[in-house]
Amino acid sequence: MRRFFRILPLVIIYFLCSAKGCNDNEQDSSLHEESDAARSRDSITSVFGSGNLDQASLRAFEVTAKSKLNDLADYLKIMNDSSAGKSFRDKAGEMAHSLFLNGNHMPASLKEVEFDSIRVKEPLQRESDTVYSGQLDFTLRFTGAGNREKKNTLVQTKTIDIFTVKREKIFGRDTVKVWNVFLGDIR
(Lines give C-alpha, C1' and ligand atoms only; values in the text may rest on other atoms or scores of the structure.)
Protein backbone atom coordinates (compact mmCIF):
# COMPACT_ATOMS: atom_id res chain seq x y z
CA MET A 1 0.00 0.00 0.00
CA ARG A 2 2.87 2.34 0.80
CA ARG A 3 4.25 1.62 -2.58
CA PHE A 4 0.97 2.76 -4.12
CA PHE A 5 1.11 6.08 -2.25
CA ARG A 6 4.67 6.64 -3.44
CA ILE A 7 3.90 5.87 -7.08
CA LEU A 8 0.60 7.82 -7.21
CA PRO A 9 2.25 11.28 -6.88
CA LEU A 10 4.72 10.37 -9.61
CA VAL A 11 1.88 9.39 -11.94
CA ILE A 12 0.00 12.62 -11.17
CA ILE A 13 3.14 14.73 -11.76
CA TYR A 14 3.70 12.90 -15.05
CA PHE A 15 0.14 13.66 -16.23
CA LEU A 16 0.39 17.31 -15.18
CA CYS A 17 3.71 17.84 -16.95
CA SER A 18 2.72 16.08 -20.14
CA ALA A 19 -0.75 17.61 -20.48
CA LYS A 20 -1.29 20.24 -23.16
CA GLY A 21 -2.28 23.71 -22.05
CA CYS A 22 -5.36 25.60 -23.19
CA ASN A 23 -3.28 28.09 -25.15
CA ASP A 24 -1.45 25.44 -27.17
CA ASN A 25 -4.58 24.57 -29.11
CA GLU A 26 -5.40 28.23 -29.82
CA GLN A 27 -1.89 28.89 -31.06
CA ASP A 28 -1.98 25.82 -33.28
CA SER A 29 -5.40 26.85 -34.57
CA SER A 30 -4.32 30.42 -35.41
CA LEU A 31 -1.13 29.17 -37.08
CA HIS A 32 -3.19 26.69 -39.08
CA GLU A 33 -5.65 29.42 -40.14
CA GLU A 34 -2.82 31.74 -41.19
CA SER A 35 -1.17 29.03 -43.26
CA ASP A 36 -4.53 28.18 -44.89
CA ALA A 37 -5.06 31.86 -45.74
CA ALA A 38 -1.55 32.11 -47.21
CA ARG A 39 -2.10 28.96 -49.29
CA SER A 40 -5.47 30.28 -50.53
CA ARG A 41 -3.95 33.64 -51.46
CA ASP A 42 -1.09 31.92 -53.28
CA SER A 43 -3.56 29.68 -55.09
CA ILE A 44 -5.69 32.65 -56.16
CA THR A 45 -2.60 34.53 -57.26
CA SER A 46 -1.27 31.63 -59.30
CA VAL A 47 -4.59 30.92 -61.02
CA PHE A 48 -6.12 34.38 -61.46
CA GLY A 49 -3.06 36.57 -61.18
CA SER A 50 -0.74 34.97 -63.70
CA GLY A 51 0.96 37.29 -66.17
CA ASN A 52 -0.06 35.46 -69.33
CA LEU A 53 -3.24 33.50 -69.84
CA ASP A 54 -3.09 30.13 -71.57
CA GLN A 55 -5.67 29.03 -74.14
CA ALA A 56 -7.68 27.03 -71.59
CA SER A 57 -7.96 30.08 -69.32
CA LEU A 58 -8.98 32.29 -72.23
CA ARG A 59 -11.73 29.83 -73.23
CA ALA A 60 -12.92 29.76 -69.60
CA PHE A 61 -13.10 33.57 -69.56
CA GLU A 62 -15.12 33.49 -72.80
CA VAL A 63 -17.61 31.15 -71.10
CA THR A 64 -17.71 33.57 -68.16
CA ALA A 65 -18.47 36.44 -70.58
CA LYS A 66 -21.39 34.44 -72.01
CA SER A 67 -22.68 33.92 -68.48
CA LYS A 68 -22.36 37.63 -67.71
CA LEU A 69 -24.41 38.45 -70.81
CA ASN A 70 -27.18 36.17 -69.51
CA ASP A 71 -26.86 37.84 -66.10
CA LEU A 72 -27.37 41.18 -67.81
CA ALA A 73 -30.70 39.95 -69.23
CA ASP A 74 -31.79 38.88 -65.74
CA TYR A 75 -30.82 42.25 -64.24
CA LEU A 76 -32.70 44.05 -67.01
CA LYS A 77 -35.83 42.02 -66.22
CA ILE A 78 -35.63 43.02 -62.56
CA MET A 79 -34.95 46.67 -63.43
CA ASN A 80 -38.04 46.79 -65.64
CA ASP A 81 -40.32 44.82 -63.29
CA SER A 82 -42.78 47.32 -61.85
CA SER A 83 -43.87 44.84 -59.16
CA ALA A 84 -40.33 44.67 -57.72
CA GLY A 85 -39.40 47.12 -55.00
CA LYS A 86 -37.38 50.21 -55.83
CA SER A 87 -34.39 48.96 -53.84
CA PHE A 88 -34.34 45.71 -55.85
CA ARG A 89 -34.54 47.59 -59.13
CA ASP A 90 -31.79 49.99 -58.05
CA LYS A 91 -29.52 47.14 -56.93
CA ALA A 92 -30.14 45.29 -60.22
CA GLY A 93 -29.15 48.49 -62.05
CA GLU A 94 -25.92 48.70 -60.04
CA MET A 95 -25.12 45.06 -60.72
CA ALA A 96 -25.87 45.44 -64.44
CA HIS A 97 -23.64 48.51 -64.59
CA SER A 98 -20.80 46.62 -62.83
CA LEU A 99 -20.74 44.06 -65.67
CA PHE A 100 -19.44 46.71 -68.07
CA LEU A 101 -15.90 47.99 -68.41
CA ASN A 102 -15.44 51.56 -67.18
CA GLY A 103 -16.36 53.96 -69.94
CA ASN A 104 -18.85 51.53 -71.49
CA HIS A 105 -22.46 52.04 -70.60
CA MET A 106 -25.37 49.70 -70.54
CA PRO A 107 -27.67 50.51 -73.47
CA ALA A 108 -30.89 52.13 -72.28
CA SER A 109 -32.81 50.63 -75.22
CA LEU A 110 -32.51 47.09 -73.85
CA LYS A 111 -35.79 46.51 -72.08
CA GLU A 112 -37.61 43.20 -71.86
CA VAL A 113 -35.06 41.31 -73.94
CA GLU A 114 -33.45 37.90 -73.94
CA PHE A 115 -30.01 37.04 -75.23
CA ASP A 116 -30.05 33.84 -77.25
CA SER A 117 -27.57 31.84 -79.35
CA ILE A 118 -24.51 33.41 -77.75
CA ARG A 119 -21.29 32.40 -79.50
CA VAL A 120 -17.72 33.59 -79.71
CA LYS A 121 -17.21 35.77 -82.79
CA GLU A 122 -13.60 36.74 -82.06
CA PRO A 123 -11.69 34.81 -79.38
CA LEU A 124 -9.92 36.74 -76.64
CA GLN A 125 -6.58 38.11 -77.87
CA ARG A 126 -3.89 39.90 -75.91
CA GLU A 127 -4.03 43.70 -76.25
CA SER A 128 -1.53 44.60 -73.52
CA ASP A 129 -0.05 43.20 -70.30
CA THR A 130 -3.34 43.74 -68.50
CA VAL A 131 -6.03 43.45 -71.21
CA TYR A 132 -7.37 40.74 -73.53
CA SER A 133 -10.27 41.57 -75.86
CA GLY A 134 -12.70 39.66 -78.05
CA GLN A 135 -16.29 39.67 -79.28
CA LEU A 136 -19.46 37.65 -78.84
CA ASP A 137 -22.35 37.40 -81.29
CA PHE A 138 -25.85 36.87 -79.94
CA THR A 139 -29.48 37.01 -80.96
CA LEU A 140 -31.51 39.68 -79.21
CA ARG A 141 -35.17 38.75 -78.70
CA PHE A 142 -37.71 41.29 -77.49
CA THR A 143 -40.08 39.71 -74.98
CA GLY A 144 -42.16 42.66 -73.78
CA ALA A 145 -45.73 43.66 -74.40
CA GLY A 146 -44.59 46.24 -76.95
CA ASN A 147 -43.67 43.45 -79.40
CA ARG A 148 -46.69 44.22 -81.56
CA GLU A 149 -45.13 47.59 -82.32
CA LYS A 150 -41.72 46.02 -83.01
CA LYS A 151 -42.70 43.40 -85.55
CA ASN A 152 -39.69 44.20 -87.70
CA THR A 153 -37.28 44.12 -84.77
CA LEU A 154 -38.40 41.06 -82.81
CA VAL A 155 -35.08 39.36 -83.46
CA GLN A 156 -31.78 41.11 -84.07
CA THR A 157 -28.24 39.81 -84.30
CA LYS A 158 -25.86 41.90 -82.24
CA THR A 159 -22.19 41.90 -81.29
CA ILE A 160 -20.73 42.78 -77.92
CA ASP A 161 -17.11 43.46 -77.04
CA ILE A 162 -15.69 41.44 -74.15
CA PHE A 163 -12.60 42.19 -72.11
CA THR A 164 -10.49 40.26 -69.64
CA VAL A 165 -8.70 42.82 -67.50
CA LYS A 166 -6.14 42.43 -64.72
CA ARG A 167 -7.14 44.59 -61.75
CA GLU A 168 -6.40 44.82 -58.07
CA LYS A 169 -8.75 42.93 -55.78
CA ILE A 170 -8.75 43.05 -52.00
CA PHE A 171 -8.57 39.73 -50.14
CA GLY A 172 -8.71 40.49 -46.43
CA ARG A 173 -5.62 42.56 -45.67
CA ASP A 174 -3.93 41.70 -48.97
CA THR A 175 -4.35 43.21 -52.40
CA VAL A 176 -3.78 40.91 -55.37
CA LYS A 177 -4.00 41.62 -59.10
CA VAL A 178 -6.42 39.16 -60.70
CA TRP A 179 -8.09 38.74 -64.09
CA ASN A 180 -11.78 39.60 -64.44
CA VAL A 181 -14.24 39.64 -67.34
CA PHE A 182 -16.18 42.73 -68.42
CA LEU A 183 -18.66 43.54 -71.18
CA GLY A 184 -18.12 46.38 -73.64
CA ASP A 185 -20.10 48.10 -76.39
CA ILE A 186 -23.11 46.42 -78.00
CA ARG A 187 -23.46 46.97 -81.76
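Visitor: In what order do the elements of the chain run from the N terminus on?

Guide: They run α-α-α-α-β-β-β-β. Helices (H or I, at least four residues) and strands (E, at least two) are DSSP runs, numbered from the N terminus. This is a predicted model, in which local features need pLDDT of at least 70, side-chain atom pairs count only at pLDDT 80 or more, and totals for chains, interfaces and linings use all residues. Residues are numbered from 1 along each chain as its sequence is written, and side-chain values use heavy atoms, with hydrogens and water left out.

Visitor: Why does Asp-137 count as buried?

Guide: Buried means under 20% relative accessible area, exposed over 50%, and partly exposed in between (1.4 Å probe, protein chains only). Asp-137 has a relative accessibility of 10%, and therefore counts as buried. The residue belongs to strand 2 (residues 131-142). Of the 187 residues of the chain, 28% are classed as buried.

Visitor: What makes a polar contact with the side chain of Asp-137?

Guide: The side chain of Thr-159 does, at 2.7 Å. The term requires a pair of N or O atoms within 3.5 Å; within protein, one must be able to donate a hydrogen and the other to accept it, and residues adjacent in sequence count only if both atoms are side-chain atoms.

Visitor: Why is the pair of Phe-115 and Phe-138 called edge-to-face?

Guide: Rings of Phe, Tyr and Trp (its six-membered ring) pair if their centres lie within 6.5 Å; planes under 30 degrees apart count as stacked, over 60 as edge-to-face and the rest as tilted. The centres of Phe-115 and Phe-138 are 5.0 Å apart and the planes stand at 80°, so the pair is edge-to-face. Phe-115 lies in strand 1 (residues 113-126) and Phe-138 in strand 2, 23 residues apart. Phe-115 is buried because its relative accessible area is 8%; Phe-138 is buried because its value is 1%.

Visitor: Which other residues form an aromatic pair that is edge-to-face?

Guide: Tyr-132 and Trp-179 do, with 5.3 Å centre to centre and 70° between the planes. Tyr-132 is in strand 2 and Trp-179 in strand 4 (residues 174-186), so this pair ties together parts 47 residues apart in sequence.

Visitor: How do you know that the charged end of Arg-167 sits over the ring of Phe-182?

Guide: The term applies if NZ of Lys or CZ of Arg is within 6 Å of the ring centre and within 35 degrees of the ring normal. The charged end of Arg-167 is 4.6 Å from the centre of the Phe-182 ring. Lys-68 also lies over the face of Phe-182, at 5.6 Å from the ring centre.
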